[in-house]
Amino acid sequence: MAYIGLANIHIAKWTQQGYTEGFKLGEGIGMSIEPQYKEGKLYGDNKIVDNRRKFKEAKVEIETSYVPTRGVSVLYGHEYDATNRSIVSKITDESNYVGIGATVTNIEAGTDKIDAVVVFKAKFQESKSDYKTEGDSIEYNTPQISGTAIGNENDEWREVRHFANETEAVKWIKETLNINDDVEEQQETESQSISEYINELNDAE
């Protein structure tokens, strides 16, 4: 199985009652999910008598074109002011547990297929902010977020489903994370993607 595409990254706040405050992340550039295991071996009579390996956590890293302003609040627990489109960070803020979903394109026997991947419960740490002056060429400083996934109340930490097309895969992700279309329409009015920004730069030249 060879993966050749990543898109439709969605995130929603995890609570005991279900997912809430869902949003669509910017365009997906990269995502890695690396399970970590704890292992123990019992030795006896000069050999391994028993070997246990259990899931501990999974490292999750995502690179995207942008993180919506409201999404920063959902991820890191900062105060979001919708009127002013501002984020206030306090020393008492704590990151929230969130669910993550994305579609990936994979090749099986020469045929493109769509997988939907959902990580049920993860917490992200806020990364550093890099600001640079504009030079002779455009340099993209895209955000990268890193976190840790653990099992949910059902001891589930990830699910991968296969779909015939991207539309069905996205529908399942949004249903799983309790994200409706109205939320995404509102988000479109609050956020501007890098591709739109590039078009504005080109028009101004």
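Q: Is aspartate 45 buried or exposed?
A: The general idea is a scale of relative accessible area: buried means under 20%, exposed means over 50%, and partly exposed lies in between (1.4 Å probe, protein chains only). Aspartate 45 has a relative accessible area of 72%, so it is exposed. This is a predicted model, in which local features need pLDDT of at least 70 and side-chain atom pairs count only at pLDDT 80 or more, while totals for chains, interfaces and linings use all residues. Residues are numbered from 1 along each chain as its sequence is written, and side-chain values use heavy atoms, with hydrogens and water left out.

Q: Where is aspartate 45 found, and what is its phi?
A: Helices (H or I, at least four residues) and strands (E, at least two) are DSSP runs, numbered from the N terminus. Aspartate 45 sits in the loop between β3 (28–44) and β4 (47–64). Its phi is near 50 degrees, which is positive although the residue is not glycine.

Q: What caps the N-terminal end of α2?
A: Look for a polar contact, a pair of N or O atoms within 3.5 Å; within protein, one must be able to donate a hydrogen and the other to accept it, and residues adjacent in sequence count only if both atoms are side-chain atoms. Here the cap is asparagine 165, with a side-chain oxygen 3.2 Å from the backbone nitrogen of threonine 167.

Q: Which residues of helix α2 are buried?
A: Within α2 (residues 166–176), they are Ala169, Val170, Trp172, Ile173 and Lys174. For the chain, buried residues make up 33% of its 205 residues.

Q: How many helices and strands does the chain have?
A: There are four helices and 10 strands. Read from the N terminus, the order is β-β-β-β-α-β-β-β-β-β-β-α-α-α.

Q: What joins β8 to β9, and how do β8 and β10 pair?
A: β8 is joined by four bridges to β9 (residues 144–149), and these strands run antiparallel. Lysine 123 stands opposite threonine 148 in β9. With β10 (residues 158–163), β8 pairs in the antiparallel sense over six bridges. Aspartate 115 faces histidine 162 of β10 across that pairing.

Q: What is the side chain of opposite charge nearest to lysine 121?
A: Lys and Arg count as positive and Asp and Glu as negative, while His and the chain ends are not counted. A salt bridge is a side-chain nitrogen of Lys or Arg within 4 Å of a carboxyl oxygen of Asp or Glu. Lysine 121, in strand β8, is buried and has no salt bridge: the nearest side chain of opposite charge, glutamate 153, is 5.9 Å away. Contact means heavy atoms within 4.5 Å. Leaving out residues up to four places away in sequence, lysine 121 touches several residues, including Trp14, Tyr97 and Thr148.

Q: How many salt bridges are there by this rule?
A: The count is five. One of the pairs is arginine 52 with aspartate 50, at 2.8 Å between the closest N and O atoms. Arginine 52 is exposed at 56% relative accessibility, whereas aspartate 50 is partly exposed at 29%. In another, lysine 13 pairs with glutamate 21, at 3.8 Å. Lysine 13 is partly exposed at 22%, and glutamate 21 is partly exposed at 41%.

Q: Why does asparagine 96 count as buried?
A: Its relative accessibility is 18%, and therefore asparagine 96 counts as buried. The residue lies in the loop between β6 (86–88) and β7. Its side chain reaches the backbone oxygen of valine 74 at 2.8 Å. Beyond its neighbours within four places in sequence, asparagine 96 has contacts that include Lys13, Leu75 and Lys123.

How values were computed: Two strands pair if DSSP finds at least two bridges between them.
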